Amino acid sequence: MKIGNKALLYKDWKYGKWFLPVITLELFLIFGLNLVQKNDFTIIGVGPQIQILLGPELFRYSAGLFLLTVTMLVMSSALFNYERKITTYTCATSMPFKRADIIKSKWLIGSYNIFFSFFIVYALMNTELILNFCWKDYFKYITYWFVIGVSLSLFIFGLMMLLQSLNGSVIIGSLLTVLFVGFPITLMFLFIAIMERNPCVSLAFGNGIDSVNSGFNIGNFIYRMFAFFTSISGIITLSLILLAITALFYIISKKIYVNNHLELTGRLTTVPSYERVIRVVIAYYTGFVLTLISSAILSNTRYFFRLDIVIALCLIVPAPLYLLNGKLIRIYNKRFE
């Protein structure tokens, strides 16, 4: 079975090979180094209780995931750099390669870097466990770490590749990718802020652990789902779900890249219909920034993160901004006509 076109793989490897040692080093500094220095196997999030996303190491894991995400964003941008440069995209389109092969090659190189970076650190962890004569006790736990780490990283990378396949510029595409990836995080931030400042809303959604036995509510459901996905069976289930969604990302990005308008390279997007989505996201972020500004001004009043104010700034105000964004995008795109 042919994995990919050798010439394309070589070209993308030339752009992406530097990320293999970078990601490996990041993973080693986040997980492996503490294990070697302290001989403390709870430091990598393993032990009798699987708590990869919980406990006192939450900040370090969050910072590590952020650093890894930024690295994968740069990697996805580098892989699309040749085809998205105004000076080289015509050369890329004239080469005797199918578009499906081009996008496939980028996915293979990026996925290879991620998988083998985790595998190298996983092998180092196993070595350390063997040297400390406790491999049998902890092997399955670092294996769970490896599985969830690879699947989550591939999921994030897959989302980035999907978004990059839509964009017409590497720099603008990277900025838009950040906005799209950060979209659910901003929604979660607003959700938590509204619950903390609005007792009625908090009561309707429940209070997490305190509401586990109080019947069904959204807070109860979220807590139970979080508890399940931090268990061993939950980690395996979550990994399979993430890998399935990543495969879907690949199929969609491949279809988009095969059918996009390469003559629009340099513009905001090579898929004209995608501009509507960009306009919605930009308008939302404008409202989100206004919400943060208003919350800072009204921080000592009862209007701080009040539900009706958040709705007005994030849903109503962005409506006319959607129309304004359309004009701004047209002005930007005229530079490449």
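Which side chains meet in a salt bridge at 3.1 Å, N to O? They are those of Asp12 and Lys11, a salt bridge being a side-chain nitrogen of Lys or Arg within 4 Å of a carboxyl oxygen of Asp or Glu. This is a predicted model, in which local features need pLDDT of at least 70, side-chain atom pairs count only at pLDDT 80 or more, and totals for chains, interfaces and linings use all residues. Residues are numbered from 1 along each chain as its sequence is written, and side-chain values use heavy atoms, without hydrogens and water.

**Salt bridges**
- The structure holds 2 salt bridges, and Lys11, Asp12 and Lys106 are linked in a network of them.
- Lys106 and Asp12 pair through their side chains at 3.3 Å, N to O.
- This pair links distant parts of the chain, with Lys106 in helix H5 and Asp12 in helix H1 (residues 6-16), 94 residues apart; helices are DSSP runs (H or I, at least four residues) numbered from the N terminus.
- Both Asp12 and Lys11 are buried, meaning under 20% relative accessible area with a 1.4 Å probe, protein chains only.
- Lys106 is likewise buried, with a relative accessible area of 0%.

**Packing of H5 and H10**
- The axes of H5 (residues 99-131) and H10 (residues 232-259) come within 8 Å and cross at roughly 140°; axes are lines fitted to C-alpha atoms over the stretch in contact, with angles from 0 to 180 degrees between N-to-C directions.
- Residues of H5, including Ile103 and Trp107, meet residues of H10, including Phe249 and Tyr257, where contact means heavy atoms within 4.5 Å.

Terms used:
Helices (H or I, at least four residues) and strands (E, at least two) are DSSP runs, numbered from the N terminus. Buried means under 20% relative accessible area, exposed over 50%, partly exposed in between (1.4 Å probe, protein chains only).
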